[in-house]
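Please consult the sequence and structure shown below while reading.

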Amino acid sequence: MAEDLVLDIKNLVVHYETEDADVHAVNGIDISIGKKRTLGLVGETGAGKTTTALSILNLVPNPPGVIKEGEIFLEGKDVLKMSSADLEKMRGNDVAMIFQDPMTALNPVMTVGDQIGESIAIHQNLSKKEAFEKAKEMLKMVGIAESRAYDYPHQFSGGMKQRVVIAIALACSPQLLIADEPTTALDVTIQAQVLELMKMLIQEQEMSMLLITHDLGVVAEVCEDVAVMYAGRIVEKGTADDVFNHMRHPYTEGLFDSLPNLKQRGEELVPIKGLMPDPSDLPPGCAFAPRCPYATEECSKAVPQLMPVDGSETHFVACSAYNHPEFRLRGNKDGK
Amino acid sequence: MANKTILEVQNLTKFFNTPGGQLHAVDGVSFKIEEGKTLGIVGESGCGKSTTGRTILKLLEPTGGKILFDGQDITGYSRKQMRPLRQEMQMVFQDPFSSLDPRQTVMQLISEPIIEHKLLKSKAEIEARTLELMETVGLAERYVNTYPHELDGGRRQRIGIARALAVRPKLIVCDEPVSALDVSIQAQILNLLKKLQKDLGLTYIFITHDLSVVKYFSDDIAVMYLGQMVEKAPSDILFQNPIHPYTKALLSAIPLPIVGGDKPKRQLIKGEITSPVNLPDECRFMKRCDCVQECCKNGNPQLREVEPNHFVACSCV
């Protein structure tokens with residue numbers, strides 16, 4: 001089974017060491033993505049999603065970021081042990097990244113054709129002219145007319161720019177695509193178009209994807225597997241069906257209850273009380289305990305580990321409450 | 001509930017002159033709001049929803065049309081004439097990071113409107129009122145001397161709301177008040193706004209691009225496209241029976257957090273919003289619409305009542 005994994009992160013710990021404090025951004029996470037699978041990494045601002053993504057490319061800004069522990073296997077090779085020459089070969093070729101803000105991800109003084117061609121020329125050893133021709137093909141693939149390869153980013157709308165960014169990312173047919181909030185800056189109708197495009201291209205090119213988002217709707221639309229992250233730890237992971245229809249972690253439940261679109265008008269939303277803890281000063285035990293409606297004394301004693309749910313092979317939850325076998329979430333759709 | 005109309009807008013227009021021609025940001029918008037109700041204005045970026053909100057408060061001079069607030073025609077009012085009215089109508093801004101003065105403490109920020117409008121004289125009274133406001137919006141008293149940068153987005157937005165409430169307004173225009181916040185915090189702020197409406201009888205104009213938020217919040221919803229309203233109806237009717245092709249597309253574009261089962265098929269909308277400069281006299285949605293007919297080219301359709309209280313601007317309906 002392990003050979004089929006495109007990405008396998010083991011016990012990753014990342015800290016940002018600043019003068020004032022040691023910020024514990026990622027605190028020992030394990031995630032893996034199989035071939036042709038899409039994993040959605042969900043969580044709020046400050047949960048450590050982006051830091052996780054940057055670690056995969058070994059791009060965590062250092063200083064202040066330090067990868068303290070862990071291994072990140074990309075098709076069997078440990079990224080954290082690669083030389084910078086190997087990393088350079090890997091970035092953009094085996095793994096590509098799409099960033100949240102297409103407005104700032106592109107070079108304003110370079111035509112989009114040149115920008116797409118740049119990575120092709122480097123990784124595939126083509127001449128500039130050949131790379132430009134290939135760039136035109138890529139533009140066509142993401143639904144932009146070839147003639148626009150000579151235009152500059154400011155001549156494109158937000159949705160079009162994000163298509164260009166996708167074209168750059170896919171230019172070298174990477175095995176793994178990391179998309180960090182790829183549609184957050186876009187309007188809903190454009191978001192729908194871009195998601196549809198990404199879904200299609202991933203299938204066509206048989207890629208795996210790590211999609212980082214705070215939007216559960218986007219996850220439901222695109223991802224097969226889901227991992228929910230809170231204060232630098234994975235609190236629940238499983239297939240989309242596991243997490244959406246049989247959720248087990250109180251934080252996952254809280255996220256769904258906060259969404260207005262499932263509610264009728266007038267019905268009160270059930271927000272998660274309080275705020276995410278300061279990552280430089282995490283509470284002992286479960287980081288969610290201070291906000292958790294189910295928390296008991298036990299919760300602040302030890303950090304709960306991910307355990308399989310009812311012996312499931314795909315569905316894991318990290319919550320001490322399940323030490324009592326009869327514990328169930330109030331809103332559990334299983335009706336148990 | 002009283003059925004008094006608090007705000008009526010008739011054929012409001014706001015044009016901007018640009019080098020390329022006249023930009024029709026708001027182009028003939030009309031609506032009424034009853035006291036204590038919420039009107040949601042939805043649309044994509046560039047549809048003129050924020051400009052509408054700002055023009056109603058006269059933060060921008062309207063190009064044409066009429067704004068009637070509490071029965072008075074305020075369209076031609078000067079800044080000086082508007083001043084007393086500022087106590088009646090307030091605004092909550094989208095970005096709680098840039099809409100607060102970073103060099104003022106929470107106390108200064110919230111008491112500023114009270115002092116500015118000379119509502120209270122003595123220092124003790126002002127302080128007491130500020131603390132009362134902080135309690136109303138759910139800010140703990142210990143934050144009274146903190147600066148905005150020490151607080152998270154949700155708390156900052158609470159300050160923005162407290163500032164708006166300080167002058168005891170009747171109408172608050174909320175311009176994307178929760179868009180910059182995380183979902184769990186978003187729910188806290190939405191609940192707060194709803195509670196305030198119930199307790200203080202506020203009227204809201206709720207401007208957002210997020211349909212699920214307006215659905216949850218509004219009594220009536222107006223959908224805007226390129227400066228015009230294309231559909232307007234009570235919230236329940238709009239969501240059950242959307243008629244304009246743009247509304248349908250917008251509704252179906254929301255990614256639903258549902259996996260498996262009865263997930264509806266998505267209907268994608270092609271193309272992007274066209275430029276609001278020098279618009280031709282035809283249906284503005286025509287280039288992106290799936291069901292274009294000959295009649296769509298003959299003039300820009302106006303809102304018509306297709307069933308009680310349900311208005312649609314589409315020549316095909």
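Chain B of this predicted model is divided into domain 1 (5-88 + 169-312) and domain 2 (103-168), the bounds coming from an automatic or database domain assignment. The C-alpha centres of these two domains of chain B lie 30 Å apart. Residues are numbered from 1 along each chain as its sequence is written, while chains are lettered from A and ligands numbered from 1 in the order in which they are written. Because the model is predicted, local features need pLDDT of at least 70 and side-chain atom pairs count only at pLDDT 80 or more, whereas totals for chains, interfaces and linings use all residues; side-chain values use heavy atoms, with hydrogens and water left out.

**Between the domains of chain B**

- Domain 1 of chain B contributes 16 residues to the contact and domain 2 of chain B contributes 14 residues, contact meaning heavy atoms within 4.5 Å.
- The two domains of chain B bury about 1,300 Å² between them, 66% of it on carbon and sulfur atoms; buried area is the accessible area (1.4 Å probe) that two parts lose on being put together, summed over both.
- One salt bridge is counted between domain 1 and domain 2 of chain B, the term denoting a side-chain nitrogen of Lys or Arg within 4 Å of a carboxyl oxygen of Asp or Glu.
- B:Glu116 forms a salt bridge with B:Arg83, with the closest N and O atoms 3.4 Å apart.
- Three residue pairs (both at pLDDT 80 or more) are in polar contact across the interface of domain 1 and domain 2 of chain B. A polar contact is a pair of N or O atoms within 3.5 Å; within protein, one must be able to donate a hydrogen and the other to accept it, and residues adjacent in sequence count only if both atoms are side-chain atoms.
- On the side of domain 1 of chain B that touches domain 2 of chain B, H6(B) supplies the largest share, seven residues; helices (H or I, at least four residues) and strands (E, at least two) are DSSP runs, numbered from the N terminus.

**Between chain B and chain A**

- The contact involves 38 residues of chain B and 44 residues of chain A.
- Chain B and chain A bury about 3,500 Å² between them, of which 57% is on carbon and sulfur atoms.
- The count of salt bridges between chain B and chain A is zero, while 11 residue pairs (both at pLDDT 80 or more) are in polar contact across this interface.
- H6(B) provides nine residues, the largest share of the side of chain B that touches chain A.

**A sheet in chain A**

- Eight strands of chain A form an open sheet in the order S6-S7-S8-S3-S9-S10-S12-S11, with mixed pairing; two strands pair if DSSP finds at least two bridges between them.
- Strand S6 (95-98) and strand S11 (307-308) of chain A stand at the edges with a single partner strand each, so one side of each is left without a neighbour in the sheet.
- Strand S3 (residues 38-42) and strand S9 (residues 225-230) of chain A run parallel and are joined by four bridges.

**Local features**

- The peptide bond from A:Asn62 to A:Pro63 is cis, with omega near -10°, and the bond from A:Pro63 to A:Pro64 is cis, with omega near 5°.
- B:Asn11, in strand S1 (residues 5-18) of chain B, has a positive phi of about 50° although it is not a glycine.
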